Amino acid sequence: MIFKIEDVTVYFPYDNIYPEQYEYMVELKRTLDAKGHCLLEMPTGTGKTIALLSLITSYRLSRPDSPIKLVYCTRTVHEMEKTLAELKVLHDYQVLHLGTQAKILAIGLSSRKNLCVNTKVLAAENRDSVDAACRKRTASWVRALSTEKPNIELCDYFENYEKAAENALLPPGVYTLEDLRAFGNNRGWCPYFLARHMVQFANVIVYSYQYLLDPKVAGIISKELQKESVVVFDEAHNIDNVCIEALSVSVRRVTLEGANRNLNKMKHEIDRFKATDAGRLRAEYNRLVEGLALRGDLSGGDQWLANPALPHDILKEAVPGNIRRAEHFVHVLRRLLQYLGVRLDTENVEKESPVSFVSSLNSQAGIEQKTLKFCYDRLQSLMLTLEITDTDEFLPIQTVCDFATLVGTYARGFSIIIEPYDERMPHIPDPILQLSCHDASLAIKPVFDRFQSVVITSGTLSPIDLYPRLLSFTPVVSRSFKMSMTRDCICPMVLTRGSDQLPVSTKFDMRSDPGVVRNYGKLLVEMVSIVPDGVVCFFVSYSYMDGIIATWNETGILKEIVQQKLVFIETQDVVETTLALDNYRRACDCGRGAVFFSVARGKVAEGIDFDRHYGRVVVMYGVPFQYTLSKILLARLEYLRDTFQIKEGDFLTFDALRQAAQCVGRVIRSKADYGMMIFADKRYSRHDKRSKLPGWILSHLRDAHLNLSTDMAIHNAREFLRKMAQPYDKTGTMGRKTLLTQEDLEKMAETGVQDMAY
């Protein structure tokens, strides 16, 4: 359908549109007009992605004189593929109506592991090894050497891409990762470098958060993006954690041992170069004296990772004299490793600020703050000079230089925490030194400053007023949308006690109580006997899940469950979990029905949909609080309290409830779907906890469902399932339209009345 929102003609590839999609587009247009940033919470399963893509591409078409670029950030490769598939449908629809002027270039960009087509490189087992195998074949010095020694193996795809030079371009179209690989195979060009080269010409780029938020990657991939870009962070409820992880580094004993091996190898290489090619080391020294930028003149194959500090915090000056010579720099790094080794030999937990850490480093190892700041850039320069291609082998020394640069650059918003062992396993010594970032606004600030509009959107952004404070920005639009329904297809319930009236909770003092474990088990036994197809259970942690399943097994509860449905369990191994999910789906498809045990904050809770018959009920066992004794969490809470005046309790509850909402939101992925959400913990009946759930869940939570026992919950579930089995009118009844046609939108535009009843 084609309709107008003020002066923009919107091309929408479906015959009907939900009222909330239309409203979402109106708010999005306001944001783009104001050239500001916005926060939009939209319920899951209401077509958020297509609404975003339709409006922004249509907005671009209506302003041909100032074309905007769309940068769409997703969390997983699976979500990236889904977004590009939606965009393909939309693009075909726009080209059908507008002809060639609507043609755009849209690409998905991922790591070499996902884009490489060279089978020998792909044989490496993990991402770092694939990167290193690629570098061994594409680095400029390897290619130069191959002219003298023909037995050196190069990558034919990269060679062909380089030969094509300016002609290596992608024709307009929408390219998923699969399409890029197919195009690369067809032409004989390297899809990874081709995609990276095309980033500057593409109208739409879909990639991972890290490519924009992690300075090491963003400095290479995203530095050419123009200011007139609209950046969308989809599923952004955890964006503050992504920002913090991008600027945090941890160093263990293994890291220091690996870094020492790296330094020995470098020293050996330096001595070899001194004997055979001293001019190369001298040339590097002169370049550093002049303070020439390292980045500008590097070919694509040689670029590695950029500086871990944020762009505006990197000093634009010459490298300090004491680390210009290669052997001096190696000596400074040795002293740094020695100092870190001594600090790791502690018996107590230590916490200090970067300022005091740097001053004690200076007094004990004689390394100044300015020297630390340049560690990362100096290491990069040295590795290029020494022509090192085994980048995966040199990860430990990179991590140490990462740490040094960040400690030298930032005085506030960080803490250094040294723990001699993991508190959950105190008898195993495993010292770890962590540079932990507490301020999420540091990593995202350059994005807000640099781009015209940033859209942060997700199904769970409640309470929505906390995000501007955590990320310190001012949104021009901040809005939470409700879900328009023809029938109440969501049934949230709060279960506070078992059939024997004993309260249930995963509070630390109650969680191992046999009465609580028994009642949780009985709830599931009853549920699997009345609910068809799939049942999904989320627990607060792996250890709690393991413990409760073991108890259920001993008491025979698990046996009762297995008689009704098959049981599958998420583990920390990705391959095992994927296999379990596949079999769970097969069991649901063949009518046998299944139960899937999963963990809040795990992989399944973040990215797997249990739509239709794959999830008819989700049981959230407990409130998924973070491990509150974690030293890093305590330091972050203290920082949030002192800097942003956010109380510890408020932040912990907000964080736990967004995870819970994320878990239960997996059950409903479209309006034709239906499902029950059971919050099994007495704490959910408290208003201060419950009120932090998203509005679209709360609007369906009736007062009668706030304080249920197991038998009442079973009774409600039976009623709900019976009601859902009745036929219904998809377009809406009783004056409540939930599917709008083109005529409805035109009528609304004429009357100017938005009579979309919810």
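1. The largest nonpolar core holds 169 residues. A nonpolar core here is a set of buried Ala, Val, Leu, Ile, Met, Phe, Trp, Tyr and Cys residues joined through side-chain atoms within 4.5 Å. Phe 3, Tyr 207, Leu 212, Phe 233, Ile 239 and Ile 456 touch the most other members. Helix α16 (residues 326-344) gives the most to this core, with 10 residues. Apart from it lies another core of 83 residues, including Val 531, Trp 552, Leu 558 and Tyr 684.

2. This is a predicted model: local features need pLDDT of at least 70, side-chain atom pairs count only at pLDDT 80 or more, and totals for chains, interfaces and linings use all residues. Residues are numbered from 1 along each chain as its sequence is written, and side-chain values use heavy atoms, with hydrogens and water left out.

3. Which residues does Ile 456 contact, leaving aside neighbours within four places in sequence? They are Cys 38, Leu 39, Leu 40, Phe 233, Ala 236, Ile 239, Phe 448, Leu 461, Leu 471 and Phe 473. Contact means heavy atoms within 4.5 Å.

4. Two backbone details deserve a look. Most residues other than glycine have a negative phi, and most peptide bonds are trans. Glu 235 has a positive phi of about 50 degrees. Glu 235 sits in the loop between β8 (229-233) and α13 (239-246). Helices (H or I, at least four residues) and strands (E, at least two) are DSSP runs, numbered from the N terminus. Glu 235 is buried, at 9% relative accessible area. Buried means under 20%, exposed over 50%, partly exposed in between (1.4 Å probe, protein chains only). The peptide bond from Ser 462 to Pro 463 is cis, with omega near -15 degrees. Pro 463 belongs to the loop between β13 (453-458) and α22 (466-471).

5. Gln 501 also has a positive phi, of about 70 degrees. Its loop runs between β15 (490-497) and α23 (514-530). Is Gln 501 buried or partly exposed? Gln 501 counts as partly exposed, at 45% relative accessibility.

6. Helix α2 (residues 48-62) packs against helix α3 (residues 77-98) at an angle of about 40 degrees, with axes 10 Å apart. Axes are lines fitted to C-alpha atoms, for helices over the stretch in contact, and angles run from 0 to 180 degrees between N-to-C directions. The pair is therefore oblique. Angles under 35 degrees count as roughly parallel, over 145 as roughly antiparallel, 65 to 115 as roughly perpendicular and the rest as oblique. Among the residues of α2 that meet α3 are Ile 50, Leu 53 and Leu 61.
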